[in-house]
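I opened the notebook to look up how two chains meet. My entries follow the display.

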Amino acid sequence: MPLDMSADTPDEALLILFANGDPTAARILTVRLTPRVMAHAFRLLGNRAEAEDVTQEAMLRLWRVASEWRQGEAKVTTWLYRVVANLCTDRIRRSGRTSPLEDAAEPIDEATSPADQMQTRARSDALQQALNQLPERQKQAVVLRHIEELGNPDIAEIMEISVEAVESLISRGKRALTAELKSRQQELGYSE
Amino acid sequence: MTKKHDEKFDLNVFFDAARQAPLEPGADLLMKVQNQALEVQVQGAKKASEQPKRRFADFLEALGGWPSLAGLSTAAVAGVWIGVAPPDSLALTAQTLLQSDVDVLSDFTVGFGLFEEAS
């Protein structure tokens with residue numbers, strides 16, 4: 001499979017090519033999906049090392065399920081978000097903790113000024129800390145809606161609940177986030 | 001009052017910030033994930049090539065293993081040999097058996113008087 005076809009090829013088609021032994025499909029899917037899986041796992045766990053473990057495990061499960069994948073049944077990303085959420089939930093329950101915030105030290109667009117970069121970093125970190133305080137399902141719904149920018153029907157499919165239940169989780173989650181972020185505004189040193 | 005104050009607090013700036021600073025996987029992780037993918041592909045190909053062997057093994061198992069297959073082969077060879085060079089006694093036995101069948105049938109019909117001549 002030529003690499004220039006990759007941008008237009010849907011994940012589901014690439015997965016079938018992967019199952020048929022196409023090594024290029026394996027490379028494209030790795031590069032395309034791993035960052036999304038990793039970012040989502042980190043938002044749910046708040047810990048880089050654990051997010052990496054979950055990413056590896058989720059991607060391995062994807063490779064293993066590829067030969068049985070039935071086209072049109074589900075989107076690959078929907079399936080992955082669900083697997084990531086389950087793996088994160090298992091880890092959180094096993095350890096019985098709320099993860100402390102880590103400094104992820106990720107690059108922010110270098111075109112912005114250092115002051116803007118610091119502001120973006122402060123807001124992102126503050127949001128992560130506030131997310132860590134939320135109940136798991138609220139956190140998952142808010143992250144999928146407002147960071148991954150998925151529609152409510154997609155979120156409902158991922159979380160296997162009704163759209164109304166998704167709306168309710170997001171609404172409660174955002175209320176809790178607002179309260180948490182407002183209360184820590186001074187302490188965390190960010191501005192609105 | 002609180003509601004009005006909450007409305008002024010824009011959560012979207014925090015979500016925007018989170019999207020601008022996503023956690024990116026390192027090269028090591030990408031390499032591990034890709035290697036896992038290629039490994040699963042190799043295992044899949046190996047399994048696919050073993051499939052016909054497995055089908056024959058399943059068939060053999062259903063027959064009762066190698067001893068049963070040997071017995072079946074012997075019976076088949078004997079059948080072919082009898083077809084090619086039948087022993088003399090075989091023709092006689094067959095004739096006797098067929099004749100006997102006819103006798104039984106004629107006795108049976110006679111018993112019911114089906115072929116008796118009208119006189």
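Next I asked which elements of chain B give two or more residues to the side that touches chain A. I noted helix 1 (2-8), helix 2 (12-20) and helix 3 (27-63) of chain B. Helix 3 of chain B supplies the largest share, 10 residues. Sorting the residues of that side of chain B by type, I got 17 nonpolar, 7 polar and 6 charged.

I then looked for salt bridges across the interface of chain B and chain A, and the rule finds 1. Its partners are Glu149(A) and Arg19(B), whose side chains come to 3.6 Å, N to O.

How many residues does each chain bring to the contact? I wrote down 43 residues from chain A and 30 residues from chain B. The area buried between the two chains is about 3400 Å², and carbon and sulfur atoms give 70% of that area. On the chain B side, I listed Phe9(B), Phe14(B) and Leu23(B) as losing the most area to chain A; together they make up 21% of what that side buries.

Last, I checked confidence in chain A. Its average pLDDT is 86, and 84% of the residues score at least 70. I marked residues 99-105 of chain A, where the pLDDT is below 50. This stretch still has 21 contacts in the model beyond near neighbours in sequence. Where pLDDT is low, predicted coordinates should not be read in detail.

How values were computed
Residues are numbered from 1 along each chain as its sequence is written. Chains are lettered from A and ligands numbered from 1 in the order in which they are written. This is a predicted model: local features need pLDDT of at least 70, side-chain atom pairs count only at pLDDT 80 or more; totals for chains, interfaces and linings use all residues. Side-chain values use heavy atoms; hydrogens and water are left out. Contact means heavy atoms within 4.5 Å. Buried area is the accessible area (1.4 Å probe) that two parts lose on being put together, summed over both. A salt bridge is a side-chain nitrogen of Lys or Arg within 4 Å of a carboxyl oxygen of Asp or Glu. Helices (H or I, at least four residues) and strands (E, at least two) are DSSP runs, numbered from the N terminus. Ala, Val, Leu, Ile, Met, Phe, Trp, Tyr, Cys and Pro count as nonpolar, Asp, Glu, Lys and Arg as charged, and the others, Gly among them, as polar. pLDDT is the predictor's confidence in each residue, from 0 to 100.
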